[in-house]
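Please look at the sequence and the 3D structure below before reading the report.

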Amino acid sequence: MTIKSDKWIRRMAESHGMIEPFEAGQVRDLEHGRAISYGTSSYGYDVRCADEFKIFTNINSAVVDPKNFDDESFVDVTSDVCIIPPNSFALARTVEYLRIPRNVLTICLGKSTYARCGIIVNVTPLEPEWEGHVTLEFSNTTPLPAKIYANEGVAQFLFFESDEVCETSYKDRGGKYHGQTGVTLPRS
């Protein structure tokens, strides 16, 4: 299994629609000033966060149950920034829609700009033939409110190509998050 380069990422995005919308290089500047970078890097792709957020709240004193998640545990916010309360978290989604090839596994790591502020970005691996907007989880590990910027880089995806095509892909087994759009809550 090998990590894929910028040349491969560009080729797959342009010829197979692997990433849409796609930025062939690194973008660091926006019209309004410096941005947290996004786009193609040497061995990965830095995705952006859309402006749709679900901020966790314990207003209803609910129990967090992954098999029976109460969607009233979130406040929906559409904004250029998201303020995450201390020691809490928020969900968002990527601007980009991804289509993972059958022989590729994709791993996500948070960008250092956020990690150095105590903001952890968590995404589970994107399995072969998964597609959709990626739901992002931001954990604010600090005792202070934390800010996330929409339409700027938040995480880097690394693409690993196998030397053998899998027998059963995520799409083949009808994975419950296949083709998701928007911020997607846990499904049982």
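## The model

This is a predicted model, in which local features need pLDDT of at least 70, side-chain atom pairs count only at pLDDT 80 or more, and totals for chains, interfaces and linings use all residues. Residues are numbered from 1 along each chain as its sequence is written, and side-chain values use heavy atoms, with hydrogens and water left out.

## Salt bridges

Side chains of opposite charge can pair when their charged atoms come close. A salt bridge is a side-chain nitrogen of Lys or Arg within 4 Å of a carboxyl oxygen of Asp or Glu. The structure holds 10 salt bridges.

One of them joins K4 to E161, with the closest N and O atoms 2.7 Å apart. K4 lies in the loop between β1 and α1 and E161 in strand β14, so the pair ties together parts that are 157 residues apart in sequence. Helices (H or I, at least four residues) and strands (E, at least two) are DSSP runs, numbered from the N terminus. K4 counts as buried at 14% relative accessibility, and E161 as partly exposed at 22%. Buried means under 20% relative accessible area, exposed over 50%, and partly exposed in between (1.4 Å probe, protein chains only).

R102 forms a salt bridge with D172, at 2.6 Å between the closest N and O atoms. R102, E129 and D172 are linked in a network of salt bridges.

## A strand pair

Strands β8 and β13 run antiparallel and are joined by 4 bridges. Two strands pair if DSSP finds at least two bridges between them. I83 has K147 in β13 as its bridge partner. K147 and Y149 form the uncovered face of β13, while A146 and I148 form the covered one.
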